Amino acid sequence: MSVHDELTTVQRCLDDLVRSVGRLEKRLGSGSLEIRRVRSDTNHLRESLALLRETAVAAAGPAKRPDLVTISDAPYDPSLWVDTDDEGLGARDRHAP
């Protein structure tokens with residue numbers, strides 16, 4: 001199994017644990033120290049798994065950046081704009097509406 005598959009399996013198991021603790025909490029009440037401790041521990045596990053997932057993604061390698069394209073500061077060739085409309089003004093030989 002890949003690391004991603006393993007992390008997904010652990011996440012599923014942890015979700016089951018959280019649901020089970022929730023059912024226990026409904027039956028036993030949330031006032032006791034023991035159930036609060038178990039709830040706290042499950043929350044810490046969720047946080048730890050999230051951090052582990054981030055670490056695993058970072059260790060897998062950074063995402064490849066797209067190649068940068070350099071755009072020249074030189075003015076464009078005026079022949080590119082022959083027979084074009086000015087945005088919002090229309091064609092050069094006509095008046096704007």
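**Exercise 1.** How many helices and how many strands does the chain have?

*Solution.* Before counting, know what you're looking at: this is a predicted model, where local features need pLDDT of at least 70, side-chain atom pairs count only at pLDDT 80 or more, and totals for chains, interfaces and linings use all residues. Residues are numbered from 1 along each chain as its sequence is written, and side-chain values use heavy atoms, with hydrogens and water left out. Now count DSSP runs from the N terminus (H or I, at least four residues, for a helix; E, at least two, for a strand). You get two helices and zero strands.

**Exercise 2.** Work out how helix 1 and helix 2 pack.

*Solution.* Start with the ranges: helix 1 covers residues 3–28 and helix 2 covers residues 33–59. Their axes (lines fitted to C-alpha atoms over the stretch in contact, with angles from 0 to 180 degrees between N-to-C directions) sit 10 Å apart at an angle of about 165°. That makes the pair roughly antiparallel, a label for angles over 145 degrees.

**Exercise 3.** Is T42 buried or exposed, and which residues does T42 touch?

*Solution.* First find T42 in helix 2. Its relative accessible area is 3%, so T42 is buried (under 20%, with a 1.4 Å probe and protein chains only). Next, skip neighbours within four places in sequence: T42 is in contact with L14, L17, V18 and V21 (heavy atoms within 4.5 Å). Finally, take L14: 28 residues from T42 in sequence, but 7.8 Å away C-alpha to C-alpha.

Conventions
Parallel < 35°, antiparallel > 145°, perpendicular 65-115°, else oblique. Buried < 20%, exposed > 50% of the residue type's maximum accessible area, 1.4 Å probe, protein only.
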